[in-house]
Amino acid sequence: MQGIEERLAAGTWIRGVDARVKLIAVVIFIINATTLQDKTLLMITAFLLLGVSLLAGIAPVHLVKRLVLVLPFGGVMVSVLPFVIPGEPVWTLQLGVLKLVATREGWEAAVLPCLRMVTAFLGMAFLTSTTSLREIIHALNHLKFPRIFVLLIDFTVRYIAVVIDELNRMQTAGKARGFKPGRGLWDRHTVKTIGSMLAMLFLRSYERAERVYFAMLSRGYTGQYKCYGYCHRIKKLDFSFGAGMITASWAIKIIDMGGIPWSLLLK
Amino acid sequence: MEPVIEVTELSFLYKDGTRALDKCSLTIECGTKVAILGPNGSGKSTLLLHLNGIHVVQQGTVKVLQETVSPSNEQWLRSKVGLVFQDPDDQIFSGTVWEDVAFGPVNQGLRGEELEARVRQALHFVKMEQYSRKVPYHLSYGQKKRVAIAGVLAMNPDIIVLDEPVAFLDPAGKRALFELLDQLNRQGKTIVAATHNVDIAARWAHKIIILSEGRVLAQGTPALLTDKTIVQEAELELPAVTEIFAPFPDLCKPKTPVTVEEAQNIIKQLVTN
């Protein structure tokens with residue numbers, strides 16, 4: 001069965017940090033960061049996360065690849081919003097008879113959510129590059145996350161592999177009998193074949209998933225997420241990492257809420 | 001020998017109305033190697049799923065180690081009867097070989113040193129120790145099968161049940177598997193294998209149980225497989241050795257050979273005479 005092979009992109013020290021600590025720290029960091037109002041502070045937060053990610057040994061290429069996923073959303077926002085929100089014009093684009101005017105208000109409205117999105121994404125990229133899915137599920141279980149959610153995530157991870165595996169088999173079988181997709185959406189045969197393949201994929205995955213479940217039952221599975229007993233106590237490293245991340249995040253948040261005026265910090 | 005599994009008049013109806021078992025009765029004795037033979041759809045897999053408590057008994061009784069099987073003792077049952085599925089891909093789902101073998105013992109409540117020891121022992125037994133940190137899907141089919149068996153052995157069951165153990169295995173894989181099963185049997189474990197391969201059943205098993213359309217057609221020693229009527233009724237075939245000797249009834253005395261060794265002995269006698 002093809003599994004989701006997890007090759008973590010991060011270095012070693014960060015992998016040693018307890019998954020629970022990483023999870024809590026990153027979630028608090030993201031919540032605080034995405035509720036910031038000040039663009040400069042948001043930028044600082046994003047750079048801070050970037051710094052931590054690089055320190056953790058995550059390859060910049062890996063981060064860039066992850067960030068590409070944000071492009072469709074962020075890109076649309078940045079390229080559309082400045083032109084549709086009325087206000088003070090800052091830049092004009094002449095496209096033949098069409099004249100597009102970008103406004104300062106539009107730009108402001110686009111940049112803030114875009115920065116928030118990038119920061120949140122950096123946070124998630126950091127977490128997933130330094131912690132395996134199994135560790136995250138394990139951590140959720142110990143953090144007393146509702147059992148049903150933990151099981152749902154656990155099973156999703158397990159069965160994605162089942163579905164991918166079935167899909168691969170069907171594609172191979174299709175190819176073996178000369179099926180070549182990609183002749184466009186208008187090709188009746190292609191659409192029909194892919195359609196029935198998808199339907200069969202669900203049926204076959206369902207049946208296989210049931211066999212996997214039976215096999216689990218037969219080895220004493222009772223519907224409870226069982227910890228393998230390799231949890232460790234919170235060490236100094238975990239504590240310093242968690243405390244550092246959370247303190248930094250709250251410090252920025254308090255400055256943003258106006259607790260400490262900028263001018264004081266710059267004096 | 002005392003029976004470890006007693007099935008009495010077991011019937012099972014699937015939700016879609018298919019009758020998979022129809023008043024099926026059989027006995028399996030302690031420490032024996034038993035082959036359950038039957039064509040596809042004869043109810044072999046359904047029967048095996050009852051032995052492990054996956055299918056709940058609808059009609060009839062199933063007794064394992066003198067205890068009547070019911071949903072209330074299914075956890076106990078699963079620690080006594082280990083079920084190895086036909087396709088190891090159905091059984092192996094964890095990220096590493098080690099984790100997968102540990103799945104059963106963890107469900108039994110084992111942790112720490114004890115868990116480590118159980119997993120190590122099971123992997124050592126199937127000669128897969130050096131693969132413990134590997135991702136299972138990179139392994140060959142035969143290796144996966146061995147991991148699947150280790151996953152069951154780690155639970156330390158008294159009875160090991162295998163569904164089509166040799167399906168898709170190459171000759172070397174088959175040989176290794178049967179050596180493993182014989183070794184387990186010598187340790188006192190009862191081994192039950194469902195198959196439609198008459199040659200393997202004839203060569204390996206102490207006892208043969210033939211299923212047809214959800215009923216037990218016959219049970220006894222491998223010599224049963226020389227009975228043409230039974231074999232035909234069960235939609236099986238004669239073992240290859242028996243088929244060769246069938247046209248020569250004079251050579252089949254005192255009994256028709258079913259295994260290669262028996263045939264070799266007859267030929268040796270012929271040559272020396």
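This report describes helices in chains A and B of a predicted model. Local features require pLDDT of at least 70 and side-chain atom pairs pLDDT 80 or more, while totals for chains, interfaces and linings use all residues. Residues are numbered from 1 along each chain as its sequence is written, and chains are lettered from A in the order in which they are written.

The helices treated here (DSSP runs of H or I, at least four residues, numbered from the N terminus) include the following.

| Helix | Chain | Residues |
|---|---|---|
| H4 | A | 60-68 |
| H6 | A | 104-130 |
| H4 | B | 97-107 |
| H6 | B | 141-153 |

Buried residues of H6(A) include A:Arg116, A:Phe121 and A:Ala125; buried means 20 or more other C-beta atoms within 10 Å of a residue's own, exposed 12 or fewer, with C-beta atoms placed from the backbone. H4 of chain A is among the elements covering these buried residues. A:Val64 is found in H4 of chain A and counts as exposed because it has 10 C-beta neighbours inside 10 Å. The C-alpha atoms of A:Val64 and A:Ala125 are separated by 10.0 Å.

In chain B, H4(B) and H6(B) pack at an angle of about 35°, with axes 7 Å apart; axes are lines fitted to C-alpha atoms over the stretch in contact, and angles run from 0 to 180 degrees between N-to-C directions. Residues making the contact (C-beta atoms within 7 Å) include B:Phe103 of H4(B) and B:Val147 of H6(B).

Definitions and conventions
Helices (H or I, at least four residues) and strands (E, at least two) are DSSP runs, numbered from the N terminus. Two residues are in contact if their C-beta atoms, placed from the backbone, lie within 7 Å. The expected span of a helix is 1.5 Å times one less than its number of residues.
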